[in-house]
Amino acid sequence: MIKQILFFLVLSIFVFGGCNTQKEVTTFYLVRHAEKMSDGTKDPPLNDAGEKRSLLLADLFSEVDFDAIYTSDFKRTRSTATPISDKQDKVITLYDPHNLDNFKKHLFQNHKGQQVLIVGHSNTTPNLVNKIIGKEKHEQLDESEYDKIFIVKSTLNGKGKSSVLVME
């Protein structure tokens with residue numbers, strides 16, 4: 001509970017504290033899918049810990065009114081986002097994790113001034129953060145790392161600076 005309170009305190013400062021009222025700020029929340037089963041397939045479902053984490057994420061994001069929720073087309077990403085989409089009565093939209101350049105263009109063209117959740121993978125999540133901010137700053141997550149949340153504020157105009165907050 002203390003971690004949740006701290007999360008929202010820092011999130012509030014980050015999202016509202018430094019906003020430039022002259023420019024419309026878009027906020028992206030990027031997370032890796034929750035813990036998955038090791039069932040030998042390429043598309044495993046979440047395990048018990050992953051199911052619990054997906055519910056925790058829904059609680060953590062209960063104060064964020066997402067305009068869009070995106071996941072790749074895998075059971076583990078869709079299952080991670082489902083409790084959030086259910087609570088907010090939002091549709092999950094699929095994206096291609098193999099074509100992040102086109103996805104970034106789509107995000108920039110369609111979500112100016114909005115709040116967007118993107119559930120990805122250990123490699124695609126930091127890679128998409130790098131594409132959004134225009135810098136190679138974040139490395140692939142360790143295979144055992146499920147608890148990072150990247151929050152990226154951007155004016156999406158290519159001229160303003162993007163800010164990245166990484167919560168663990």
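Mentor: Let us start with a single residue and its surroundings. Leaving aside neighbours within four places in sequence, isoleucine 69 is in contact with Ala81, Ile84, Ser85, Lys90, Val91, Ile92, Thr93 and Leu117. Keep in mind that this is a predicted model.

Trainee: Where does isoleucine 69 lie, and is isoleucine 69 buried or exposed?

Mentor: Isoleucine 69 is part of strand S2. Its relative accessible area is 0%, so isoleucine 69 is buried, the cut-off being under 20%. One of its contacts, serine 85, is 16 residues away along the chain, with 7.2 Å between the two C-alpha atoms.

Trainee: Let me step back to the whole chain. Which elements does the protein chain have, and in what order?

Mentor: There are five helices and six strands. Read from the N terminus, they run α-β-α-β-α-β-α-β-α-β-β. Of the 168 residues, 45% are buried. For contacts between residues at least 6 apart in sequence, 67% join residues at least 24 apart. The accessible surface is about 9,200 Å², and carbon and sulfur atoms account for 49% of that surface.

Trainee: How do I read a pair of aromatic rings?

Mentor: Two values describe such a pair: the distance of the centres and the angle of the planes. This structure holds five aromatic pairs. In one of them, tyrosine 70 and phenylalanine 103 have ring centres 5.1 Å apart and planes at 70°, so the pair is edge-to-face. Tyrosine 70 belongs to strand S2 (residues 68-71) and phenylalanine 103 to helix H4 (residues 100-110), so the pair ties together parts 33 residues apart in sequence.

Trainee: And which ring is stacked with phenylalanine 103?

Mentor: That is tyrosine 95: the centres are 4.3 Å apart and the planes are at 5°, so this pair is stacked. Tyrosine 95 and phenylalanine 103 are both buried. Tyrosine 70 also counts as buried, at 5% relative accessibility. Elsewhere, Tyr29, Phe61 and Phe66 form one aromatic cluster.

Trainee: What sits over the ring of phenylalanine 108?

Mentor: The charged end of lysine 104, at 5.2 Å from the ring centre.

Trainee: Now a helix. What span should H2 have, and what do its end C-alpha atoms show?

Mentor: Helix H2 (residues 48-60) has 13 residues, which at 1.5 Å a residue should span 18 Å; the end C-alpha atoms are 18 Å apart, which agrees. Next, look at which residues are covered. In H2, the buried ones are Gly50, Ser54, Leu57, Ala58 and Leu60.

Trainee: Why do the buried residues of H2 line one face?

Mentor: Look down the helix axis: the buried residues of H2 fall within an arc of 160°, so they line one face of the helix. On the other side of H2, Asp48, Lys52 and Leu55 are exposed.

Trainee: Can we finish with a loop residue? Which residues does methionine 37 touch, beyond those up to four places away in sequence?

Mentor: Methionine 37 touches Pro44, Pro45, Leu46 and Asn47. Methionine 37 is in the loop between strand S1 (26-32) and H2. Although methionine 37 and asparagine 47 are ten residues apart in sequence, their C-alpha atoms are 4.8 Å apart in space. With a relative accessible area of 38%, methionine 37 is partly exposed.

Conventions. Residues numbered from 1 in each chain as written. Predicted model: local features only at pLDDT ≥ 70, side-chain atom pairs only at ≥ 80, totals over all residues. Heavy atoms only, no water. Helix = DSSP H or I, 4+ residues; strand = E, 2+ residues; numbered from the N terminus. Buried < 20%, exposed > 50% of the residue type's maximum accessible area, 1.4 Å probe, protein only. Contact = heavy atoms within 4.5 Å. Areas by Shrake-Rupley, 256 points an atom, 1.4 Å probe, with all protein chains shown as cover. Phe/Tyr/Trp six-rings, centres within 6.5 Å; stacked < 30°, edge-to-face > 60°. Lys NZ or Arg CZ within 6 Å of the ring centre and 35° of its normal. Expected span 1.5 Å × (residues − 1). Arc of directions from axis to C-beta.
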